[in-house]
Structures are given as structure tokens and as C-alpha cells.
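Q: I would like to go through this model with you, starting with its charged side chains. Could you take my questions one at a time?

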Amino acid sequence: MYLLKKNRFLQSGRVASLLFVFLLAFSSFSSGSLVFATEAATLEELQAEAEARKALPIQSNEIDNWPAGPQIGAQAAILMDANTGVILYSKNIHERLYPASTTKIMTALLAMENGNLDDTVEFSYDAVFSVPADGSNMGMDEGESISLEECLYGIMVASANEAANAAGEYVSGSIEDFVALMNERAEEIGCTDTHFVNPNGLHDSQHYTSAYDLALISSLFFRNEMLCKISNTPRYHFEATATQPDDFYKNNKHQLINGEIPYEGILGGKTGFTSDSRQTLVTCAEQNGMRLVCVIFKEESPNQFTDTVELFDYGFHNFQVLNISENEEKYNIESTGFLQIGNDVFGSSKPILSIDTDSYVIIPNTVSFQDLDSEIDYSQSSENRIAGIEYSYHGMYVGDAYLNLVTDNASSYEFDTNMTAADVSVEKTETETEADSSQAPIFINIKKVLLIILVLAAIVITIFMVHALITNGRTAKRRNNRIKRKQRRRSRMRTDFDDFDF
């Protein structure tokens with residue numbers, strides 16, 4: 001009954017379309033199933049194209065000692081860590097292709113960034129009727145309204161085109177202005193091969209992106225826990241309200257989300273399809289400390305799902321996460337001042353400079369941290385950031401970390417923390433032997449300084465005491481010699497007087 005509830009379904013144009021389809025089907029049956037044979041031939045051609053795409057080069061496989069990724073039928077694909085941007089698998093990742101409904105990831109991201117979940121989203125005539133009635137929709141009518149949260153469920157679970165339009169109008173006032181915001185935000189994120197024309201992904205020759213750009217957008221999307229929750233919903237119940245009178249359910253077509261293909265750690269995703277884009281798919285999963293985003297472009301069903309599983313298995317089984325602060329041994333960190341802050345300089349103080357403890361690299365299981373190349377970049381300095389250290393393996397970026405200036409406003413001891421990059425020297429140790437390259441970072445702390453001062457003071461005091469003892473010994477000896485001389489003179493004088501008889 002839900003499918004028949006909307007007035008636009010009964011428009012004359014819609015009825016004419018249905019009559020045309022009926023006549024086409026009848027003529028196909030009368031002509032010996034000619035249409036079915038043509039469709040079968042088309043499917044065979046599409047499958048043949050997909051099989052041929054497996055021979056396309058995989059750029060990540062060309063890196064020395066990098067794990068070989070699977071040969072898949074997608075035209076382009078990428079596997080990226082959502083937190084660091086490290087790319088584990090790359091196949092034609094900068095080729096401009098049609099994203100179809102995966103466009104809605106950007107639409108939902110902007111709605112979340114610029115709105116409140118409790119806000120009301122109204123459906124205008126343009127939002128409802130500017131998209132095909134037979135496309136993906138949730139059956140909203142002009143004048144109805146729902147909360148932004150429900151609208152996001154409509155976008156991500158039902159892939160509703162009219163919901164994407166309504167969200168755009170809610171954020172920017174018009175679909176045109178929202179599209180401008182989409183392109184502006186894409187540029188801010190770092191996309192260079194993206195141009196949006198609409199909020200829903202319906203085909204347009206000027207509406208395109210790349211696997212890399214969409215992975216960047218999706219990485220931001222999947223860092224938001226609410227968006228993960230919404231996009232990872234297999235089935236959503238839309239309840240009737242005063243402004244939306246129908247009670248209905250919508251199912252998610254993403255097979256790794258709805259349970260058709262079970263996979264551990266799925267956080268969410270979005271499907272997409274047009275006859276021009278073919279199957280597109282974005283999925284995020286988390287295992288072993290890695291939150292990986294997989295983007296599949298131009299594939300045939302159901303291979304977009306099996307490709308994704310293959311790539312996730314490839315990433316989670318062949319790569320490891322290493323904390324940078326726990327493994328970095330190639331840099332000396334020195335400063336011109338007293339480099340400790342804290343409430344207790346004798347016990348709980350800490351270095352004023354440190355590598356941030358949350359940063360990590362993602363590298364193949366067969367590679368060690370010492371195999372990585374690194375560079376210091378002082379241009380990334382900010383108020384509490386001295387420099388950045390970027391790590392790579394055979395030219396492939398694998399992670400970065402920041403050298404931070406640690407501050408503690410609650411400190412009882414005030415030290416000069418108004419330091420800049422000019423006050424700090426961070427130099428990579430020049431090594432000629434493997435043993436020399438293992439010098440640990442050096443942090444000067446006040447406790448050690450005071451201990452050294454006390455030791456030096458003790459040495460100085462000891463020297464003074466020894467010197468005093470020696471000096472006193474010599475003085476005592478001279479005094480004893482004087483006394484002895486006096487005693488001898490007195491003794492001689494008595495002897496002389498003994499010769500006289502008084």
C-alpha cells in the first residue's frame with residue numbers, strides 16, 4: 001500500500017510510462033523473446049568487460065616489497081586508512097568516474113556538519129519532483145517534513161533522492177547553492193578530480209569524482225560515530241507523525257550491512273548504481289587498530305561486494321599498525337632552556353617536547369619501523385607544534401607524527417614555555433654504522449640537572465675539605481716544629497745556667 005500512497009505515482013506521465021512498458025513486454029513475448037536474448041547478450045558483454053578490467057595495472061603492486069593486492073574487475077578501487085590517509089591498495093585511483101548514489105556520502109556529511117539532528121527538514125516541490133519518480137526514494141510528498149536525523153536515514157539507508165535534495169535545501173536554501181557548497185567542501189578536503197552537479201548522484205556527464213577523492217570524503221564521514229551508526233543500519237522504521245502520515249520500513253541494499261555477506265567490523269557504507277556508472281560501493285570496516293575505507297568504482301553485481309571483502313582481507317591480513325613514539329629512535333631532540341614542566345620537578349615532571357603518542361604508521365607485516373624513510377617539516381609549526389615528521393616506504397606515504405610542545409597550566413613551578421621552532425634543534429642522527437643509528441631521543445629534565453648539580457657540589461665540597469685537611473695538617477706541623485724549637489732553646493738555656501753557682 002505504501003508504494004501507491006503518493007500522488008505523483010498517478011501522474012499521467014507515469015501512467016503513460018507504465019503502458020509503454022506493458023506494450024514493450026507484450027511485443028517482446030510475441031517476437032520470440034527477442035528482448036530477453038538482447039539483454040542476455042548485454043549482460044555477457046558487461047561481464048566480459050569486467051573480466052578484462054582484471055588485467056588493468058594495480059599501482060600499489062608496483063612498490064618494492066609491498067604485498068600484492070587482488071586482481072578485481074573494478075575499473076578503479078582504493079583501500080585507505082580513514083584516520084591517517086595511508087593507501088594500502090590503489091588501482092586507477094585518480095581516474096574520473098561517475099559515483100552514482102555514493103555521492104550521498106558528501107550530502108550526508110555536509111548535513112551533519114551544518115545542521116542539528118532535531119531540526120525539521122521540509123520537502124519542497126523541487127526536492128520531490130526534480131528527480132525521477134521511479135528512482136530511489138522514500139515516498140515523500142511536497143509539504144511533508146521529517147527531522148534531519150530521519151532524513152539522513154532516508155539518504156543512507158533508503159538512498160532516497162528526494163531526501164538528498166531536501167537535505168541540500170535545508171543546509172543551503174536551494175539545491176544549486178548546496179551543490180556549490182559540495183564542490184567547495186571537496187576542494188577543502190583535498191579533492192582534485194571531483195565536480196558535483198546534484199546532491200543525489202543521478203547521472204550527469206559533469207558529475208564525477210575519483211576513487212581517491214571519494215575515499216578522502218568518506219574518511220571524514222566515517223570519523224563521525226553518528227554517521228557510522230546511520231549508514232550501518234540494515235533496516236529503518238519510519239514512523240508516522242503529524243507532518244509525515246505514513247508508517248513504513250526501508251531496507252539497506254548494502255550486502256555487508258544487511259547481513260547477506262557477514263563480515264567482522266563493518267562500520268557502514270553506501271551503494272550506488274546507474275547504467276553509466278555501473279555498480280559503485282563505499283564501505284568502512286575496523287579491525288586490528290585500522291579503520292579502512294574501501295571504494296569500488298564501475299563493477300558488475302554482485303562483484304562490488306566480493307571485491308570489497310577481498311580488499312578488506314588483503315588489508316587486515318597483510319599490514320600492521322606501529323605506534324611512532326614507541327618506535328622512533330632516529331632523532332635527537334635538544335633545546336636551549338630548561339625543558340621540564342609539571343607539578344613536581346622531583347618526580348612527576350615531563351618533557352616539554354615529545355612526539356605525540358597517538359600517531360602511528362601502517363606498514364606491511366614484512367617491514368620494520370627502521371626500514372622507513374622520514375623527513376622533518378617545520379612549516380607545520382603551530383602554537384604547540386614544533387614540527388611534523390612524515391614517514392614513507394619506497395616513496396609510499398605510511399604515516400606521520402608531530403613534535404609537540406607540552407604545556408601544563410596547573411604547574412606549581414613556572415618555567416619559560418614561550419618556545420618556538422627556533423629554540424629547538426631536532427636533527428636526524430648521521431649514522432655510518434647500524435649501531436650508531438639506534439640512539440634514543442634525548443630529553444633534558446630538571447631532576448637530572450639538579451642531581452648533577454648536587455653531585456658537582458659534593459665533589460667541590462670534598463675538594464675543599466681535602467684541601468682544608470691538607471692545609472691544616474701543614475699548619476699543625478709547622479706549629480709543632482715551632483714548639484719543639486722553643487722547647488730546645490729553653491732546654492739549652494737551663495743547661496747554660498746550670499754552669500753558674502748562684
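Q: How exposed is K54?
A: In this predicted model, K54 is partly exposed, with a relative accessible area of 33%.

Q: Which residue does the side chain of K54 meet in a salt bridge?
A: The partner of K54 is E51, at 3.4 Å from N to O.

Q: And what does E299 pair with?
A: E299 forms a salt bridge with R53, and their closest N and O atoms are 4.0 Å apart. E299 belongs to strand β9 and R53 to helix α2 (residues 34-53), so this pair ties together parts that are 246 residues apart in sequence.

Q: Are E299 and R53 buried or exposed?
A: Both E299 and R53 are buried.

Q: What about E300, where is its partner R278?
A: R278 lies in strand β8, while E300 sits in the loop between β9 and α10 (303-318), so the contact ties together parts 22 residues apart in sequence. Their side chains meet in a salt bridge at 2.9 Å, N to O, and E300 and R278 are each buried.

Q: How many salt bridges does the structure hold?
A: There are eight. E113, R185 and E188 are linked in a network of salt bridges.

Q: Turning to the sheet, what is the strand order?
A: The order is β2-β1-β9-β8-β7, an open sheet of five strands with antiparallel pairing. Strands β2 (87-91) and β7 (266-274) each have a single partner strand, so one side of each is left without a neighbour in the sheet. The twist averages 10° from one strand to the next.

Q: How many bridges join β8 and β9?
A: Eight bridges, in the antiparallel sense, join β8 (residues 278-287) to β9 (residues 290-299). L281 has I296 in β9 as its bridge partner.

Conventions
Residues are numbered from 1 along each chain as its sequence is written. This is a predicted model: local features need pLDDT of at least 70, side-chain atom pairs count only at pLDDT 80 or more; totals for chains, interfaces and linings use all residues. Side-chain values use heavy atoms; hydrogens and water are left out. Two strands pair if DSSP finds at least two bridges between them. Helices (H or I, at least four residues) and strands (E, at least two) are DSSP runs, numbered from the N terminus. Axes are lines fitted to C-alpha atoms, for helices over the stretch in contact, and angles run from 0 to 180 degrees between N-to-C directions. Buried means under 20% relative accessible area, exposed over 50%, partly exposed in between (1.4 Å probe, protein chains only).
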